[in-house]
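Trainee: Could you take me through this model, one feature after another, and show me how each is to be read?

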Amino acid sequence: MRNLYGRFLLLAGLALGAHAALSQAAPRLPGELAWVIRYDPKTFDPAKVDEQASEMVRYMTGGVLLRLNRQTQEPEPQLAESYNVSPQGTLIVFKLRQGLRFSDGAALTSADVAWSIRRVLAPATQAPVAEEFLSPAEVTVDTPDKLTIRVHLPKRVIGVGKLFDWIAIEPADRPSEGRVTSGPFTVAEYKRGQYVRLKRNPNYWRRDGAGVQLPYATGVRMDILNNREQEIALFLRGEYDLIDGLPADYFNLLTQKAPKSTRDLGASLNSEQLWFNQSSVAALPDFEKAWFLNRSFRVSVSQAIHRADLARIAYDGHATPAFGFISPANTIWHNNNLKYPHESTADAARMLEAAGFHRSGNQLYDGTGHPVKFSILTNAGNAARQKMAAMIQQDLAALGMQVTVVTLDFPALIERLMHKQDYEACLLGVSNAEPDPSSMMNMWLSSSPNHQWNPSEKTPATEWEAEIDKQMQLQASNPAQSTRKAAVDRVQQIVADQQPFIYLVYPNVLQAVSPQLRGVQPAILSPGLVWNIESIRRQEGSR
Amino acid sequence: MTKRMPAAALLLLIASAALTLMFSRYDYAHQDRDAIMASSSEEHSTGTDELGRDRTVRVAAALLVGLTGATAAAAITTLIAACFGLLAAFSPRSIAIVLLFVSDLFLSLPWLFLLMMARSLLPLTASPVETAVTTFLVLAALGWPACARAIYRGAVQLRYTEWMIYGHACGLRTQQLIRLHLLPHLRSLFLPQFLICVPAFIVAEANLGALGLGVGEPLPSWGAMLLELDNSALLARSHWVYLPIVLLVVVLLILESFSSEGGTNA
């Protein structure tokens, strides 16, 4: 009997999890800003950053030559007073500001900049940004004087300016993992699984219009917390100043409780999509492979999905129906003249019939008499994706397709997708950290392991994939913006015609900001709310 | 009297659930996309869930799925336990030791991981009904060792009773003795074991479902519905989200009253 009551208590605990006692956040220091990161940073070495938590620390602490303005999407001089790119695009000359100092008081000169760039480019560092220079081993850096740095590139790199946003300038030969920096903050304290505390850099170069040294905040505390319920409760209590990337259902809850705090910035750069496994090495029966390789099949599925319902129900209206891989939020690259398959279950059924499928009762059969049944994989723990999958299940039932929805934990899902190719269809999202399509090359080139529907093709499997390869290479190498735009528009149209990815929605950017914060300029590009961290301050006692 | 009340309550619940499924205008999987998280209305007496599915129908289906699956699994597990316990009790000592070691080994296995493993080995296209059957079969396959131990103890005690020795002396074979005399005596042990297993399996399925590993969508299950309670945003939208947990506790209390009654009698 006691055992059973124990189980009741377990269930009750689950049921009332939302109301469970909340843990206390670490105490806030005067003038300190506080928010949450989901997990421990893997590294504090700014050259080795390859995930979001570490990237957040690098952004807060690393001084850079140029910073991408997250609103205008243009690089702006920071430690560099000015910069110049040669007409051939192979020489970049930076001129440093006078009197720059690191947080420990040491002078910052061109030697430090050259050392930092060389370190990032060195193969031993394995810095992810190095690959963006195309041939990092052939890049050379020289310093004619203490304020000038010249970077020689073997060939033009499109959008090279933004790459310097990712290179933190450290003291030459003294890498300190964020303890000595040229950015607005330095790492003061790190408690694994609890928080990362940053303190103000007293020698930061930047001042506001009134001559007050920035940053305004005395420090930043980033609590390591992967629990939305707690995060929101602590935000409402005033323990946290902001939340970036709110799930839609929590956004509405927060809007009810603190309507002045929440902001919906509209469509993000990210997309949610469904795709079928078209890999030739997939362990699928031949008749199933034939469905997935059939354009009419993919287009019919796309036509039968009610995207507006997905956005309205799975995201509580905080998402935008998606038809292409570039979100309308990406105003420079979005193809406004995109022609995509219109939503119509009747037309989808006719297209399937024309492609040799036939229906008997509630079941669709292919030309060889096999019932059309397949599974859609998605990851456990993402409520919006699970809801979308269940809705697609019903939408496709209208065509006579029997769909099962399978949720797997992320490692198991990735194992099936990337290593075994053991799946039929998958519903996942893509996060685009930056708007330039060059950053999406690894998804579109047919030879790439991240070319999800058919990874690592030795040669393009279809003519349209060869055309995508060609256009993506063109946009990555041609300096003329109009040529690049035309190439990217062409790729968007091919993808809309062929539907290798069936785009579903662009989730909106949902944020919450404490009314006590001043100087926040929300942006859709990462790090969203805090991209201008130097100018953000907390006004005490004005809730 | 004490037995009749819970039995009547349980029958009433089952009958209500069956009638709801038979006469409701909605299928448990039907999504009314214009009535998402709707509150109580003429159309949906206890509102709808996040996909606009009628909550009354889904709770009724979950109740029947849970009770049917758990009852079947409990019957299987009791049968396995009975066979295993009797075999150990009437085998030579060395074989009994090996059998009991096997049952102890099963008891010490991390059952949750085994369940997860078994669930992940299912083909991806397994239908929701197949996932439900597999889930309860796996529960049955892993739930027998504790029962087997209890049945072994009871059988060993009876093995050396006077009437058993007398039966042997009269020329009855072991199988005959077990069938004609031992099993009727052990019935009072089997019944509580069975009755204990039913709520235990309902709770186990609910826990698995809450981890996303139980019965596949769109077939309703307690576990899947309890997942809603993990989201305070939903709790704020409708009080009807508490219905599955309330009903589950009621069902478990009824079943518990059966098993404690059975245990007292035993």
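**Reading contacts, folds and a helix pair**

Mentor: Let us begin with contacts in chain A, where, among those with a separation of 6 or more, 67% join residues 24 or more positions apart. Keep in mind throughout that this is a predicted model.

Trainee: What share of chain A is buried, and how many helices and strands does chain A have?

Mentor: Of its 543 residues, 44% are buried, and the secondary structure of chain A consists of 15 helices and 22 strands.

Trainee: Why does the radius of gyration of chain A agree with that of a compact globule?

Mentor: The reasoning starts from chain length: a compact globule of 543 residues would have a radius of gyration near 24 Å, and chain A has 26 Å, so the two agree. Along the principal axes, the C-alpha atoms of chain A fill a box of roughly 80 × 70 × 40 Å.

Trainee: How many helices and strands does chain B have?

Mentor: Chain B has 10 helices and zero strands, and its pattern along the sequence accordingly reads α-α-α-α-α-α-α-α-α-α. The C-alpha trace of chain B spans about 75 × 45 × 30 Å along its principal axes, and 43% of its 266 residues count as buried. As for contacts in chain B with a separation of 6 or more, 68% are between residues 24 or more positions apart.

Trainee: How is a pair of packed helices described?

Mentor: Two packed helices are described by the angle between their axes together with the distance between those axes. In chain B, helix 1 (residues 4-23) packs against helix 2 (residues 55-89) at an angle of about 125°, with the axes 9 Å apart. That angle makes helix 1 of chain B oblique to helix 2 of chain B, and the crossing of these two helices is left-handed.

Trainee: Which residues make the contact?

Mentor: Helix 1 of chain B contributes residues including Leu13(B), Ile14(B), Ala17(B) and Leu21(B), while helix 2 of chain B contributes, among them, Val57(B), Ala60(B), Leu64(B) and Leu67(B). Taken together, the residues of this contact divide into 11 nonpolar, two polar and no charged.

Trainee: Where does Leu253(B) lie, and why does Leu253(B) count as partly exposed?

Mentor: Leu253(B) belongs to helix 10 (residues 243-265) of chain B, and it counts as partly exposed because it has 15 C-beta neighbours inside 10 Å, whereas a buried residue needs 20 or more and an exposed one has 12 or fewer. Although Leu253(B) and Pro6(B) are 247 residues apart along the chain, their C-alpha atoms are separated by 8.8 Å.

Conventions. Residues are numbered from 1 along each chain as its sequence is written. Chains are lettered from A and ligands numbered from 1 in the order in which they are written. This is a predicted model: local features need pLDDT of at least 70, side-chain atom pairs count only at pLDDT 80 or more; totals for chains, interfaces and linings use all residues. Helices (H or I, at least four residues) and strands (E, at least two) are DSSP runs, numbered from the N terminus. The radius of gyration is taken over C-alpha atoms; the globule rule is 2.2 Å times the number of residues to the power 0.38. Two residues are in contact if their C-beta atoms, placed from the backbone, lie within 7 Å. Axes are lines fitted to C-alpha atoms, for helices over the stretch in contact, and angles run from 0 to 180 degrees between N-to-C directions. Angles under 35 degrees count as roughly parallel, over 145 as roughly antiparallel, 65 to 115 as roughly perpendicular and the rest as oblique. A crossing is left-handed if the near helix is turned anticlockwise from the far one by less than a right angle, and right-handed if clockwise. Ala, Val, Leu, Ile, Met, Phe, Trp, Tyr, Cys and Pro count as nonpolar, Asp, Glu, Lys and Arg as charged, and the others, Gly among them, as polar.
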